[in-house]
Amino acid sequence: MPEGHTVHGNARDMAGRFGGQQIVVGSPQGRFEDGAALLDGRLLEGTEAHGKHLFAHFGDDRQLHVHLGLYGTWTWGDGVPDPPRGLVRVRLEAEGGWADLRGPTACEVLDPTGVAALHARLGADPLRADADPAAAHARIARSRVSIGALLMQQEVVAGVGAVYRAEALFRAGINPYRAGREVTAQEWAALWADLVVLLRAGLKAGRIVTTRPVDRDRRTGRASRADSFYVYRRTGEPCRVCGTPVSYAQMVGRHLQWCPTCQPR
DNA sequence: GCTAAATGTTGAT
DNA sequence: TCAACCTTTAGCT
C-alpha cells in the first residue's frame, strides 16, 4: 500500500541495491525514453523519500522523481532481469541487480530548482529526521478545515493516506470532522507522535498494522489481515474497543471510517 | 480463477 | 469535474 512508509522502504531498498553504482537506465515501455537518456550510465549517489515522493540522486544537477500514485509498483531482483513483461516505465540495471517501475503517476527528471520546489510544497513527514511538526500544527491551528481533510493534505503532513488517517484519528480518539483549529496543541503532539510510531512500524513490517498486539488476538485467538486495523475498511462492523458499529463517509474523495463512540463529535 | 475496488496524484476538459 | 495511470488485493465463485 503506497502511503509514506512504502516509499521510504523503496528509497532504502534502492540505495541498498544500487547506491554508489553506475546504472543502466532504460524505458522499455517508451514513455520515459527522454528521461532515461538523461540518467543512463550515471552514478546513483543516493536516495531519499519525502512523504509519498521518491528522489534518486544521479549527480548534482539531476534527480529521478517518482510518485507511485494508486497503482505504481517497484519490482526488484538479483542478477540479470527477464525481458520486460507488461508496461515497464523504467528499468534500472547494475551489478546490484535490477529494478522495474510500473504504473507511476509521476516519473520525471528534475533539476535542483524543481527538486527544491517539490520539497518546499511538502509538509512534515513523520519518517524524516528534519520534519517540522510545529509548522504543521501552525497550519492546523488556524484552519477551519476538518482534521480528517488536513491530514490528507500533503503540504501539511506528507506521507499520510487514507489508511493512516483513519487509524491515527481512531487511536487519538479524535472525530475526523473536528476543525483543525479545535485540535489542541496537546492532542496534536500526541497525534504526531503516534504517526511517527505507526509509519515507522509500517516501514519495518512492510505493511500497515495499527492494532496493538493485545487487541489483535482477543476474539479469534489469532492474527489475520482483517485484524490489522481498528476502523479502516470495517464499516458497519463492531468497534474493536466498544462494539459500536463503525461509521463511514467520504472525505476529500476518499473512504473514511471512524467509531462514533470512541471518536465523539 | 475471475471481478471489482483500492493506498493517490496529475493533467485535460 | 473527470479520465488516466494499468497493478495489487480482497472477495467471490
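V252 sits in the loop between β9 and β10 in this predicted model. With a relative accessibility of 52%, V252 counts as exposed, because the cut-off for that class is over 50%. Its backbone has a positive phi of about 55°, although V252 is not a glycine. Most residues other than glycine have a negative phi. R233, which lies in the loop between α8 (213–216) and β9, likewise has a positive phi, of about 60°, and is not a glycine either. R233 is exposed, with a relative accessible area of 63%.

| Residue | Relative accessible area | Class |
|---|---|---|
| V252 | 52% | exposed |
| R233 | 63% | exposed |
| Q29 | 24% | partly exposed |
| S247 | 19% | buried |

S247 belongs to strand β9, which covers residues 247–251. Since buried means under 20% relative accessible area, S247 at 19% falls into that class. Neighbours within four places in sequence aside, S247 is in contact with L256, Q257, W258 and P260.

Q29 is placed in the loop between β1 (24–26) and α2 (33–39). When residues up to four places away in sequence are not counted, Q29 touches L87, V88 and R89. For Q29 and R89, the separation is 60 residues in sequence, while their C-alpha atoms are 5.2 Å apart in space.

Helix α6 is mostly covered, as ten of its eleven residues are buried. Among these buried residues are V163, Y164, L169 and F170, and also the charged R165, E167 and R171. The cover over the buried residues of α6 includes α1 (4–18), α5 and α7, together with the strands β9 and β10 (254–258).

The largest nonpolar core holds 26 residues, and the members that touch the most others are I147, L151, V157, W188, L191 and L195. At least two residues of this core come from each of α4 (133–141), α5 (147–150), α6 (162–172) and α7 (185–205). The largest contribution is that of α7, with seven residues. V157 touches A124, P126, L151, W188, W192 and L195, leaving out residues up to four places away in sequence. Apart from this core lies another one, of 23 residues, which includes A11, A36, L39 and L101. In soluble globular proteins, nonpolar side chains tend to be buried together.

Taken as a whole, chain A has eight helices and ten strands. Its C-alpha atoms fill a box of roughly 55 × 45 × 30 Å along the principal axes. The radius of gyration of chain A is 20 Å, which agrees with the value near 18 Å that a compact globule of 265 residues would have. Buried residues make up 51% of the 265 residues in the chain. Of the contacts in chain A with a separation of 6 or more, 61% are between residues 24 or more positions apart. The chain exposes about 12,500 Å², and carbon and sulfur atoms supply 51% of that area.

Note on methods: Residues numbered from 1 in each chain as written. Chains lettered and ligands numbered in written order. Predicted model: local features only at pLDDT ≥ 70, side-chain atom pairs only at ≥ 80, totals over all residues. Heavy atoms only, no water. Core = buried A, V, L, I, M, F, W, Y, C linked by side-chain atoms within 4.5 Å. Buried < 20%, exposed > 50% of the residue type's maximum accessible area, 1.4 Å probe, protein only. Helix = DSSP H or I, 4+ residues; strand = E, 2+ residues; numbered from the N terminus. Contact = heavy atoms within 4.5 Å. Rg over C-alpha atoms; globule rule 2.2 N^0.38 Å. Areas by Shrake-Rupley, 256 points an atom, 1.4 Å probe, with all protein chains shown as cover.
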